[in-house]
Amino acid sequence: MKKLAVLAMATIAIAMPAAAKEVTVQMLNKGAAGAMVFEPAMVKIAPGDTVKFVPTNPSHQAEAIPTMWVAGVQQYKGKMNQAVSMKFDKPGVYGIKCLPHFAMGMIALVQVGTASPNLAAAKAAVDKLAPLAKKRMAPLIASAK
């Protein structure tokens with residue numbers, strides 16, 4: 001009887017998908033990397049997870065960098081001074097910017113999964129970013145897989 005109960009519980013645990021998680025990224029006027037930053041600037045998540053971008057300080061928003069996005073995936077554009085939750089189902093790398101502070105280097109990178117089919121295209125897109133955004137994005141994209 002005891003073995004049957006353990007076997008039933010193990011079967012249920014295997015059949016249930018892992019619970020998706022939510023990671024919070026703050027939008028700050030000043031952080032560890034300097035002025036106008038997302039903190040953390042890079043997150044690595046599993047497919048199905050959500051990243052919530054929170055304007056901890058006012059006058060920020062989060063949106064997709066179209067040239068650093070997986071083709072066919074919805075591009076998000078948050079509203080000023082409002083949190084935006086982005087759910088990522090497909091593996092790849094996704095560039096995020098705060099439009100008002102993009103030229104000041106306010107960018108972030110989300111890596112979904114362990115292999116990024118759009119990594120080469122995203123790396124090429126880094127060279128076309130504003131100088132400060134490029135400076136901050138280059139080490140993030142270099143650490144992506």
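Reply: Two strands count as paired if DSSP finds at least two bridges between them. In this predicted model, four strands form an open sheet in the order S2-S1-S4-S6, with mixed pairing.

Me: What makes S2 and S6 the edge strands?

Reply: Strand S2 (34-39) and strand S6 (84-88) each pair on one side only. Averaged over the sheet and with direction ignored, neighbouring strands are turned by 15° against each other.

Me: Why are H2 and H3 called roughly antiparallel?

Reply: The axes of helix H2 (residues 119-126) and helix H3 (residues 131-142) cross at roughly 155° and come within 9 Å. Angles over 145 degrees count as roughly antiparallel, and the two helices are therefore given that description. The hand of their crossing is left-handed.

Me: Which residues meet where H2 and H3 are in contact, and how many of them are nonpolar, polar or charged?

Reply: From H2, the residues Leu119, Ala122, Lys123 and Val126 meet Lys134, Met137, Ala138 and Ile141 of H3. Sorted by class, the residues of this contact comprise six nonpolar, no polar and two charged. Lys counts as charged, whereas Ala, Val, Leu, Ile and Met count as nonpolar, so Lys123 and Lys134 belong to the charged class.

How values were computed
Residues numbered from 1 in each chain as written. Predicted model: local features only at pLDDT ≥ 70, side-chain atom pairs only at ≥ 80, totals over all residues. Heavy atoms only, no water. Axes fitted to C-alpha atoms, helices over the stretch in contact; angles between N-to-C directions. Parallel < 35°, antiparallel > 145°, perpendicular 65-115°, else oblique. Left-handed = near helix turned anticlockwise from the far one by under 90°. Contact = heavy atoms within 4.5 Å.
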